[in-house]
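Hi,

Here is the structure I promised to pass on.

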Amino acid sequence: MNVIPTALPEVLILEPKVFGDDRGFFFESYNRKTFAADTGLDVEFVQDNHSKSAQGVLRGLHYQLVKPQGKLVRAVTGTVWDVAVDLRRSSPRFKQWVGVELSAENQRLLWVPPGFGHGFVVLSETADFLYKTTDYWYAEHDRNVAWNDPELAIAWPLEGLNLPGGQPNLAAKDAAAPRLAQAEVYD
């Protein structure tokens, strides 16, 4: 697996070795030993999630304040633009973010460690998005930050998308998400 560092050293892009021919392709999307050897991280995943979304759906920015989750994410159909934001006040990179295109075509994965907010917007007509988590989801610990908070200034690639009213399609909880200044974040 090829590991590509990002501007946030804890967030990693992973490119699996893909074996393809005229019949299709095969690759290991996850192998604990390979992941540990290539990233230096020994994590245990306890839950797999799958979402399907239409173009212009934006999910995020999500995190769990207590029992934070590390996430290994990928798009298995379509294309998404995936974002990780450092939400650790004690970090020298607090409020910094990285965005990465994940698609069925490029077959990249992104490691989003605990302590980071996570979100994505669907760029293709639809996308199936899978993610492994290092802890279970707990509604009482679920938090989010506004996707368009000017303090974060995330450059979401929304131009050219079919967006009614010019805004992404949001869940009610994401539409009501607080700005970072009002949100509970990590120490």
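Below is what turned up, pocket by pocket and residue by residue.

First, some ground rules. This is a predicted model, with local features needing pLDDT of at least 70 and side-chain atom pairs counting only at pLDDT 80 or more, while totals for chains, interfaces and linings use all residues. Residues are numbered from 1 along each chain as its sequence is written, and side-chain values use heavy atoms, with hydrogens and water left out.

Let's start with the pockets. A pocket here is an open set of points on a 1 Å grid over the protein atoms alone, where a 1.4 Å probe fits, with protein on both sides within 12 Å along at least five of seven lines; lining residues have an atom within 4 Å of a point. Strands (DSSP runs of E, at least two residues, numbered from the N terminus) that give two or more residues are strand 5 (47–54), strand 6, strand 11 (116–122) and strand 12 (126–133). By type, the lining of the largest pocket divides into 5 nonpolar, 8 polar and 4 charged residues. In that count, Ala, Val, Leu, Ile, Met, Phe, Trp, Tyr, Cys and Pro are nonpolar, Asp, Glu, Lys and Arg are charged, and the others, Gly among them, are polar.

The second largest pocket comes in at about 160 Å³. Of its 13 lining residues, Met1, Pro16, Lys17, Glu28 and Thr34 are the closest to the centre. Its lining splits into 8 nonpolar, 3 polar and 2 charged.

Back to His62, which is part of strand 6 (residues 58–64). Is His62 buried or exposed? His62 counts as buried because its relative accessible area is 17%, and buried means under 20%, exposed over 50% and partly exposed in between (1.4 Å probe, protein chains only). A polar atom of the His62 side chain lies 3.3 Å from the backbone nitrogen of Gly60. Further along the chain, the contacts of His62 (heavy atoms within 4.5 Å) include Lys71, Phe116, His118 and Asp174.

Last stop: Arg108, in the loop between strand 9 (97–103) and strand 10 (109–112). Arg108 is partly exposed, at 22% relative accessible area. The C-alpha atoms of Arg108 and Ile13 are separated by 6.7 Å, although the two are 95 residues apart along the chain. Among the residues that Arg108 touches are Ile4, Ile13, Val73 and Val100. The Arg108 side chain also makes a polar contact with the side chain of Glu15 at 2.9 Å (a pair of N or O atoms within 3.5 Å, one able to donate a hydrogen and the other to accept it; residues adjacent in sequence count only if both atoms are side-chain atoms).

Cheers

Conventions
Helices (H or I, at least four residues) and strands (E, at least two) are DSSP runs, numbered from the N terminus. Grid points are joined across faces, edges and corners, and a volume is the space filled by probe spheres set on the points. Lists of a residue's contacts leave out its neighbours within four places in sequence.
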